[in-house]
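The sequence and model come first.

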Amino acid sequence: MVSQEKQAIISLHERKFFAALTESVLEKPVLSVWMILIPFLIIDFMQRQKKYRQWRDTFQQGLLFTKLQALEAATALVAGLPAATVEAELVGKVRRNPLAEAPLQRLYQAQLNEICLLTKHYCRLLSTNAFDYAAMARAAYRPEEFEVFLIELAHREQIVNEAAIDLNSEPDLIGREMIKRLEKETFLKRKSEAEQIFACNRA
């Protein structure tokens with residue numbers, strides 16, 4: 001029960017983090033006075049608003065996939081389930097098409113590599129006696145350890161992103177530019193959060 005309560009705390013933290021990140025990366029349509037006065041423009045705005053919401057929801061689901069899978073695996077491990085059982089279930093969820101061609105298999109493997117790192121991270125958080133994310137992080141890591149984790153996580157996420165982009169047979173410069181902006185914003189936001197979490201350690 002305790003692990004499930006902590007799982008919910010970590011899950012909420014990750015969902016809030018990526019919701020805020022998505023809002024900062026995606027360009028949200030802005031309503032102007034001209035759109036209110038001219039019916040054609042307001043219709044165009046509503047269509048762009050709908051498309052933005054669809055992009056936002058899809059973006060967040062994609063970003064959270066590996067995090068939530070890893071968190072579920074970590075919770076099971078902390079609860080005492082055999083590692084082999086947890087790993088087998090995890091591989092089944094990620095490798096949804098075992099007969100997929102090489103590009104998709106590379107994406108599956110990249111996701112599993114990221115999930116492996118995150119599972120260890122979440123196990124450390126879940127094994128603490130703390131009951132909020134910041135306190136869990138302080139209890140589980142020294143500041144320099146947490147920084148090393150964030151750098152390695154950014155590296156593995158980048159490999160996942162590259163594998164996902166490579167699935168597209170057509171060159172997508174806009175998509176690549178958005179992913180690069182996402183990676184930069186993610187790292188900066190995590191670094192800022194880490195500084196706040198460990199500020200008391202440096203005082």
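A search of the whole structure finds 0 disulfides, a disulfide being a pair of cysteine sulfur atoms within 2.5 Å. The model is predicted: local features need pLDDT of at least 70, side-chain atom pairs count only at pLDDT 80 or more, and totals for chains, interfaces and linings use all residues. Residues are numbered from 1 along each chain as its sequence is written, and side-chain values use heavy atoms, with hydrogens and water left out.

**Cysteines**

C116 has a relative accessible area of 38%, so it counts as partly exposed. C123 has 17% and is buried. Here buried means under 20% relative accessible area, exposed over 50%, and partly exposed in between (1.4 Å probe, protein chains only).

**Helix contact**

Helix α5 spans residues 102-126, and helix α6 spans residues 133-140. Helices are DSSP runs (H or I, at least four residues), numbered from the N terminus. The axes of α5 and α6 come within 8 Å and cross at roughly 100°. Axes are lines fitted to C-alpha atoms, for helices over the stretch in contact; angles run from 0 to 180 degrees between N-to-C directions.

Which residues of α5 and α6 make the contact? From α5 come H121, R124 and L125; from α6 come Y133, M136, A137 and A140 (contact: heavy atoms within 4.5 Å). They divide into 5 nonpolar, 1 polar and 1 charged. Ala, Val, Leu, Ile, Met, Phe, Trp, Tyr, Cys and Pro count as nonpolar; Asp, Glu, Lys and Arg count as charged; the others, Gly among them, are polar.

**Aromatic rings**

A pair of aromatic rings is described by the distance of the centres and the angle of the planes. The structure holds 5 aromatic pairs. Rings of Phe, Tyr and Trp (its six-membered ring) pair if their centres lie within 6.5 Å; planes under 30 degrees apart count as stacked, over 60 as edge-to-face and the rest as tilted. Two of the pairs are tabulated.

| Pair | Centre to centre | Between the planes | Type |
|---|---|---|---|
| F17 and F18 | 5.1 Å | 75° | edge-to-face |
| F146 and F149 | 5.9 Å | 45° | tilted |

F17 is buried at 6% relative accessible area. F18 is buried too, at 1%.

F146 and F149 sit 3 residues apart in helix α7 (residues 143-165), so about one helical turn separates them. F146 is buried, at 3% relative accessibility. F149 is buried at 8%. One aromatic cluster is formed by Y141, F146, F149 and F198.

Notes:
Helices (H or I, at least four residues) and strands (E, at least two) are DSSP runs, numbered from the N terminus.
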